[in-house]
Amino acid sequence: MSQRSTLLLCSISGILAGLAYCHASLPIHPILMLVAYVPLLRAIIDPSGMGRGIVWPLYACFFLYHGVSNWWISSWQDQTDPYLLMSGLAVWIVHPLLLMLPWFVLSRIARTVSVELLLTLVPVTVTAFEWLHGQSDFSYPWLTTGYAIVDLPAAQVADVVGVYGLTFMVMVANALAFYALHRRTQGRGWRGSLGLFFMYCALWTGLGVFNKQSARSEQPTLQVIPMSVAIVQPNINPWDKWSAPSDQLRIHMSLTDSLYRTTRPADLTLWSETAIPYVIRNYRYLGDWVALRGWVDSTRTSLITGFADMMVYPDGDAPTSARSLAVDPSVKYDHFNAAMVLNPVQRDIPVHRKTMLTPFAERLPFADQLSFAMKWVEWGVGISAWGKGRTRNPLPVVRSADTIARIGTVICIESIYPDVARDMVSNG
């Protein structure tokens with residue numbers, strides 16, 4: 001196979017996978033992901049013994065995959081902070097190198113094993129690399145394959161197999177589809193293999209539908225307390241809020257007040273990530289903090305809101321990447337992208353500090369080992385180089401002395417890490 005043909009096949013797979021992944025914003029059905037990697041498999045399994053020159057075609061595949069489905073992280077707007085734009089481009093350049101690793105390994109294995117054995121290894125290898133990809137500070141598993149099919153009935157088996165199990169099952173489908181095509185090109189019987197592909201997809205979908213229906217029919221084992229939630233998010237330019245942070249607090253309170261003038265207050269009001277884009281609990285903003293606490297008491301509704309938090313570490317407990325106070329370098333602190341719950345008349349302020357941070361855009365990967373470089377990655381807006389939270393505890397919604405709910409609060413990219421949600425459940 002020529003280098004040009006290899007590049008073309010890999011590029012087709014990258015575009016197909018990208019289109020399948022972002023189907024919610026395009027008239028593309030996510031079922032496309034079940035065959036998106038067939039051209040890529042054709043490229044790495046070549047009867048002519050192709051093995052040379054696969055690196056750049058593989059990189060092109062996942063560069064296109066990332067570009068089609070994840071281009072938006074650079075925030076292509078007039079007021080976009082230059083650092084955010086550059087960090088998004090850096091992720092676009094680096095991320096394909098990680099995504100292509102399992103396929104590079106498979107291309108090397110393809111030289112020495114049968115097609116059947118290699119196709120058996122495809123789901124195992126890709127799934128294993130995706131899991132490993134989500135385990136370090138450098139992780140960015142936004143494009144985990146299993147997430148592409150969350151709107152399909154087949155995804156309802158995820159409560160058993162998890163998102164990585166969905167990746168495994170997607171790759172099995174791609175391997176079966178390719179095998180039917182491979183047998184046809186070899187002039188061998190292929191209809192049975194194609195039938196096996198459709199049987200597999202039908203069985204998988206049937207299991208998903210059955211699982212969904214079973215979940216609906218099951219009676220809850222825990223007491224369920226009905227709770228109303230109001231979601232408030234202003235329609236404003238996100239870059240403006242950093243230049244007038246106190247205004248954001250007043251806008252959110254005003255919008256919430258206008259809602260509650262037309263309906264009864266909800267049990268819980270929810271504001272968005274960094275709705276309060278400054279360290280409001282710092283003494284410099286005491287007036288704003290007192291106003292917010294008084295407002296929550298007056299509305300008689302709990303509030304969960306994103307905000308910028310600051311924590312001073314106890315002596316000897318600070319990570320290497322922590323900052324030092326200018327007036328006393330022995331005092332170590334960090335800023336956090338965080339969420340807190342304010343309950344009426346309650347003085348305790350439970351806080352969830354974001355534990356998984358977007359590489360480069362929010363925190364330098366391996367910042368504790370590269371603390372000297374932290375100052376290189378500071379935004380021109382807001383607060384940058386966030387600290388990394390250490391715990392994943394739910395935020396309690398309290399009425400009088402009773403906790404009526406415990407909310408597992410995940411912030412932005414934390415939602416794509418299965419262990420974050422699992423830890424929230426495990427912690428109550």
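Biologist: How close do the axes of helix α1 (residues 3-21) and α3 come, and at what angle do they cross?

Modeller: The α1 and α3 axes come within 7 Å and cross at roughly 25°. Axes here are lines fitted to C-alpha atoms, for helices over the stretch in contact, with angles from 0 to 180 degrees between N-to-C directions. Helices (H or I, at least four residues) and strands (E, at least two) are DSSP runs, numbered from the N terminus. This is a predicted model, in which local features need pLDDT of at least 70 and side-chain atom pairs need 80 or more, while totals for chains, interfaces and linings use all residues. Residues are numbered from 1 along each chain as its sequence is written, and side-chain values use heavy atoms, without hydrogens or water.

Biologist: Why are α1 and α3 called roughly parallel?

Modeller: Set the angle against the classes: under 35 degrees is roughly parallel, over 145 roughly antiparallel, 65 to 115 roughly perpendicular, and the rest oblique. The α1 and α3 axes cross at roughly 25°, so the two helices are roughly parallel to each other.

Biologist: Which hand does the crossing of α1 and α3 have?

Modeller: The α1 and α3 crossing is right-handed. The label is left-handed if the near helix is turned anticlockwise from the far one by less than a right angle, and right-handed if clockwise.

Biologist: Which residues of α1 and α3 meet?

Modeller: Among those on the α1 side are Leu-7, Cys-10, Gly-14 and Gly-18. The α3 side includes Ala-60, Cys-61, Leu-64 and Val-68. Contact means heavy atoms within 4.5 Å.

Biologist: Is Cys-10 buried or exposed?

Modeller: Buried means under 20% relative accessible area, exposed over 50%, and partly exposed in between (1.4 Å probe, protein chains only). Cys-10 has 0%, so Cys-10 is buried. Cys-412 has 38%, so Cys-412 is partly exposed.

Biologist: What makes Arg-392 and Asp-423 a salt bridge?

Modeller: The rule asks for a side-chain nitrogen of Lys or Arg within 4 Å of a carboxyl oxygen of Asp or Glu. The closest N and O atoms of Arg-392 and Asp-423 are 2.7 Å apart, so the pair qualifies. Arg-392 is in the loop between β6 and β7 (395-399) and Asp-423 is in helix α11 (residues 418-426), so the bridge ties together parts 31 residues apart in sequence. Arg-392 is buried at 14%, whereas Asp-423 is partly exposed at 26%.

Biologist: How many salt bridges are there by this rule?

Modeller: The count is nine. One of them joins Arg-188 and Glu-116, at 3.9 Å from N to O. Arg-188 is in the loop between α7 (158-185) and α8 (191-217), and Glu-116 is in helix α6 (residues 115-133), 72 residues apart. Arg-188 is partly exposed at 35%, and Glu-116 is partly exposed at 35%.

Biologist: Where do Asp-297 and Arg-347 lie?

Modeller: Asp-297 and Arg-347 form a salt bridge at 3.4 Å, N to O. Asp-297 is in helix α10 (residues 286-299) and Arg-347 is in the loop between β5 (332-342) and β6 (351-353), so the pair ties together parts 50 residues apart in sequence. Asp-297 is partly exposed at 28%, but Arg-347, at 51%, is exposed.

Biologist: Why is Lys-354 called buried?

Modeller: Its relative accessible area is 1%, so Lys-354 counts as buried. Lys-354 is in the loop between β6 and β7. Leaving aside neighbours within four places in sequence, its contacts include Glu-273, Glu-362, Cys-412 and Glu-414.
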